[in-house]
Amino acid sequence: MAVFPQTIPAALKAIQKSGMNLNPQQDGTTLFIPIPKDAVCDVKTKPVKNLKKKDKISQDVARNAELQIISMADHHQSFLKLKRYWRASRKNSLEMTKIKIQIT
């Protein structure tokens, strides 16, 4: 978005009208899109339900696919938590550096 800031209003409108119940926020050229936890659960359950509806797939294959989908979604959530923690700790360390610079 930083390269084409004129596209930000169109992107905001498109996300709001997408029907995914998302409320994007803008801070300069950065868009923040909080994703509700229900959306993450839908990502886990929809593919599994679609698999179980198919006749030619055994219960074992469907269960293995379900476990893989859950594992990938959980891994992604853990990655996002780690990324948020890293950003917060980096921001705090930068603020500490600024304070140290101002004191000396």
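Tutor: Ground rule first: helices (H or I, at least four residues) and strands (E, at least two) are DSSP runs, numbered from the N terminus. This is a predicted model, where local features need pLDDT of at least 70, side-chain atom pairs count only at pLDDT 80 or more, and totals for chains, interfaces and linings use all residues. Residues are numbered from 1 along each chain as its sequence is written, and side-chain values use heavy atoms, with hydrogens and water left out.

Student: OK, how many helices and strands are in the protein?

Tutor: The protein has 3 helices and 2 strands. Going along the sequence, the pattern reads α-β-β-α-α.

Student: And what's the mean pLDDT of the protein?

Tutor: The mean is 77, with 81% of residues at 70 or more. pLDDT here is the predictor's confidence in each residue, from 0 to 100.

Student: Let's do α1 then. Which of its residues are buried?

Tutor: The buried ones in α1 are I8, A11, L12 and I15. Looking down the axis of α1, they fall within an arc of 100°, so they line one face of the helix. That arc is taken over the directions from the helix axis to the C-beta atoms. As for cut-offs, buried is under 20% relative accessible area, exposed is over 50%, and partly exposed is in between (1.4 Å probe, protein chains only).

Student: What do those buried residues of α1 pack against?

Tutor: They pack against β1 (25-27) and β2 (30-32).

Student: Zoom in on I15: what is it in contact with, leaving aside neighbours within four places?

Tutor: I15 is in contact with L22, P24 and I33. Its helix, α1, covers residues 8-16. I15 counts as buried because its relative accessibility is 17%. I15 and I33 are 18 residues apart along the chain, and their C-alpha atoms are separated by 8.9 Å.

Student: What about Q6, buried or exposed?

Tutor: Q6 is exposed, at 59% relative accessible area. Q6 sits in the segment before α1.

Student: Switching to charges. How many salt bridges does a search of the whole structure find?

Tutor: The search finds 1. A salt bridge means a side-chain nitrogen of Lys or Arg within 4 Å of a carboxyl oxygen of Asp or Glu. It joins E66 and R63, with the closest N and O atoms 3.1 Å apart.

Student: Where do E66 and R63 lie?

Tutor: Both are in helix α3, 3 residues apart, about one turn of the helix. An α-helix has 3.6 residues a turn, so residues three or four places apart point the same way.

Student: What else does E66 touch, not counting residues up to four places away?

Tutor: E66 touches V48 and K52.

Student: Last one: how much of the whole protein is buried?

Tutor: Buried residues make up 14% of the 104. The accessible surface comes to about 9,100 Å², and 59% of that belongs to carbon and sulfur atoms. Those areas come from the Shrake-Rupley method with a 1.4 Å probe, and for residues only the protein chains shown count as cover. On contacts, among those between residues at least 6 apart in sequence, 24% join residues at least 24 apart.

How values were computed: Contact = heavy atoms within 4.5 Å.
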